[in-house]
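Please read the following briefing alongside the sequence and the model.

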Amino acid sequence: MTTSVRIDSISTSLTPPEQRCQFWENYNGKQLIGLRCSTFSDEGFIASGKNIHIDNFGIAFIRANEHVVERNIHIVKDLPKESIFFSLGLSSHTFFYQGKECFKPDINDLIIYRTDKPYLFGFSSNMKQLTFDIPYERHHLLFKKTINLDTPKIIKNDTKRNRFLIKTLYHIGMQYLEDPNQNKAETFKHEIIDLLGSILSENFNNSDTLGLSYLIAAKHYIFENLHNPDLSCEEIAMTCELSSRHLTRIFAQENTSPKQYIILKRLERAAQLLSSSEKNYSNISEIAYQCGFSNQAHFSRAFKIFTGMSPKEYRKLHLT
């Protein structure tokens, strides 16, 4: 399965101080999101960033001095973007405003917000931020049951569970930014999306970080082996050095089982491939095979239950 990966970097260091904010705005308008930038620093705006785009998924790391960025109603209309941003703040003295909500996040708090609504981010000292960009419509099946997106949300880094998951999110994200291997891009994308889903879910025991670590390891193995129609709970448990019964109990804390989770991820990947315009994915039976379904009739039935339409109908809807 070929995954498109694009990497872009930026720095304002070689740009004249009076042109830096405009330079930053132009770059972000093309690579991430349209916004307006301003700073009151005597040194001018000093910033650097790295963006990685994996198909329709994005990750960005930004480092800068004090500044404010605003996405006002005019920019929302002129430069539309319908995504969910998950922004992990890695510095203090920050505020975020959208609608009637105003947050002052602490270090390692996660802010979740829609980009089709105006917002303002302010940083009164040197800042670092890691942001994950997930198109709203493409991934609505992943989040519609776990988050109300009408207003922004803040996930506090104040429980053992949240600290573990946010720390894992940070390390996996930064590791890929440092070594963006195209062969690992698809696994990385699904790991991040699944981690974000776990952060949003309140099902898992807040104190069971060991169980969470096993769950993350199991999911990683599943992502890398979805193509294998014989992938089983026993194989996954052996890889994680657990008994099948113990692994099943861990998955049960997320109200699922290893078998159900495998099917869900296969269907999500199939939906992604069916909406791809690449010629490699023009054959529905081949897509079913690549996603680990050995029986196309079974795939079609499961896909219709999952999406409410047949694979052929889903493809027609998303490619027209």
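**Helices and sheets in a predicted model**

Helix H6 (residues 209-224) has 16 residues and spans 23 Å from its first C-alpha to its last, close to the 22 Å expected at 1.5 Å a residue, where the expected span is 1.5 Å times one less than the number of residues. This is a predicted model, in which local features need pLDDT of at least 70 and side-chain atom pairs count only at pLDDT 80 or more, while totals for chains, interfaces and linings use all residues. Residues are numbered from 1 along each chain as its sequence is written, and side-chain values use heavy atoms, with hydrogens and water left out. Helices (H or I, at least four residues) and strands (E, at least two) are DSSP runs numbered from the N terminus.

- The buried residues of H6 are Thr209, Gly211, Leu212, Leu215, Ile216, Ala218, Lys219, Tyr221, Ile222 and Phe223, buried meaning under 20% relative accessible area, as against exposed at over 50% and partly exposed in between (1.4 Å probe, protein chains only).
- The cover over these buried residues of H6 includes helix H4 (160-178), H5, helix H7 (233-239), helix H8 (244-252) and helix H9 (258-274), with contact meaning heavy atoms within 4.5 Å.

**The seven-stranded sheet**

- Seven strands form an open sheet in the order S1-S3-S4-S11-S6-S9-S12, with antiparallel pairing; two strands pair if DSSP finds at least two bridges between them.
- Strand S1 (5-11) and strand S12 (153-155) are at the edges and have a single partner strand each, so one side of each is left without a neighbour in the sheet.
- From one strand to the next, the twist averages 15°.
- Within this sheet, strand S6 (residues 83-89) pairs with strand S9 (residues 110-114) in the antiparallel sense over five bridges, and Ile84 stands opposite Arg114 in S9.

**Helices on the sheet**

- Helix H1 (residues 20-31) packs on the sheet and touches S1, strand S3 (47-54) and strand S4 (57-64), its direction making about 170° with that of S1; axes are lines fitted to C-alpha atoms, for helices over the stretch in contact, and angles run from 0 to 180 degrees between N-to-C directions.
- Helix H5 (residues 185-200) lies across S1, S3, S4, S6, S9, strand S11 (127-135) and S12, running at about 75° to S4, and 16 of its 16 residues are buried.

**Strands around S10**

- Strand S10 (residues 119-123) is mostly covered, with four of its five residues buried.
- Strand S5 (residues 67-71) runs antiparallel to S10 and is joined to it by five bridges, with Val69 opposite Phe121 in S10.
- Strand S7 (residues 94-98) is likewise antiparallel to S10, through four bridges, and Thr94 stands opposite Phe123 in S10.
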